[in-house]
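This report describes selected features of a protein model.

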Amino acid sequence: MATHYCRPIFNKNSFSHIQRIICPSYLSTLPKLQIEDVQSSHEETRFKLSNPDAFEVKNMVKIKSLFEAGVHFGHTEGTLDERMKQYLYGNRLGHLIIDLNQTKKLLQQALNVTAHIAYRGGVILFLCQSPLNCLTVENCAKECGEFAHTRYWRDGMFTNSSRIFKAETRLPDLCIVLNTLSSTSKNNSGQHGVLTDAAKMLIPTIAIVDTDANPNIVTYPIPGNDDTPSAISLYCDLFKNIIKKAKAIRKEILNNNKI
């Protein structure tokens, strides 16, 4: 009977409801920090991982912007990877067209994951081996205070980092790969070597997968053009802005807690 009587009371999580039930004289004897913690924690609930759009990424990605940047342009039909069929809209003049509705949805998901990692102080690594877009990726990482690797990827840089760098190495919490296929890769599949190393070390990856790439080896694949500079610039701007936004929110909350 006692358990049944107490259930409707403790199912209500509102602090004001509990404050009305408990004797006010008892609340006055509690340390002030206990009450302040309940109130301040309410400010951080909107940035929990369970919130699908805590950083308002849905307002950042527009179909028109993706179209104007040429994100929908794929490779020729003969180079299609069968695992990319689910992301296709059709073809035109022998060239594959990517479904931008799916690109928008998956890009928003990737941006949300990136924001949560940046908000929690994680290390993010941008990667690109396309000579045409290396400078764009490096500037993007520099402007948002993160790291970039735009050179040849040596096997074991994650799995055998202590021996390669001759010191204990802080591995990244997230890898963002702007071009999945690499012309300098020694793998038969031509995939960027970081995808294999990151999977072995349980590091999540976000990658732009074109129509000739394998999306199954990426944690958060984004179907889209990974060659055109305008498309790469759009990706970099989106990731840069969401990282800077998440860091600004983190800094603001930390400063408020110090007061």
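This is a predicted model: local features need pLDDT of at least 70, side-chain atom pairs count only at pLDDT 80 or more; totals for chains, interfaces and linings use all residues.

## The antiparallel sheet

His95, in strand E3, is the bridge partner of Arg92. Strand E3 covers residues 95-98 and is joined to E2 by four bridges, the two strands running antiparallel.

These strands belong to an open sheet of three strands, arranged in the order E1-E3-E2 with antiparallel pairing. Strand E1 (73-76) and strand E2 (88-92) are the edge strands, and each of them pairs on one side only. On average, neighbouring strands of this sheet are turned by 30 degrees against each other, direction ignored.

## The parallel sheet

A second open sheet is built from five strands in the order E5-E4-E6-E7-E8, and here the pairing is parallel. Its edge strands are E5 (147-149) and E8 (220-223), each pairing on one side only. From one strand to the next, the twist averages 20 degrees.

Within this sheet, four bridges connect E7 and E8 in the parallel sense. One of the residues involved is Ala207, whose bridge partner in E8 is Pro221. Helix H6 (residues 100-119) packs on the sheet and touches E4, E6, E7 and E8. The direction of H6 makes about 140 degrees with that of E8.

## Helix H9 and its surroundings

Which strands does H9 touch where it packs on the sheet? They are E4, E6 and E7, and the direction of H9 makes about 160 degrees with that of E6.

Helix H9 spans residues 193-200, and its buried residues are Gly193, Val194, Leu195, Asp197 and Ala198. An α-helix has 3.6 residues a turn, so residues three or four places apart point the same way. The cover over the buried residues of H9 includes strand E4 (124-127), strand E6 (174-177) and strand E7 (205-209). Just after H9, Leu202 adopts a positive phi of about 60 degrees.

## A buried lysine

Lys240 is part of helix H10, which comprises residues 229-258. Is Lys240 buried or exposed? Lys240 counts as buried because its relative accessible area is 14%, and the cut-off for a buried residue is under 20%. Leaving aside residues up to four places away in sequence, Lys240 touches Cys140, Glu143 and Cys144.

## Aromatic pairs

The count of aromatic pairs comes to two. One of them is formed by Trp153 and Phe158 in an edge-to-face arrangement, with 5.1 Å centre to centre and 80 degrees between the planes. Both Trp153 and Phe158 are buried.

Key. Residues are numbered from 1 along each chain as its sequence is written. Side-chain values use heavy atoms; hydrogens and water are left out. Buried means under 20% relative accessible area, exposed over 50%, partly exposed in between (1.4 Å probe, protein chains only). Contact means heavy atoms within 4.5 Å. Two strands pair if DSSP finds at least two bridges between them. Axes are lines fitted to C-alpha atoms, for helices over the stretch in contact, and angles run from 0 to 180 degrees between N-to-C directions. Rings of Phe, Tyr and Trp (its six-membered ring) pair if their centres lie within 6.5 Å; planes under 30 degrees apart count as stacked, over 60 as edge-to-face and the rest as tilted.
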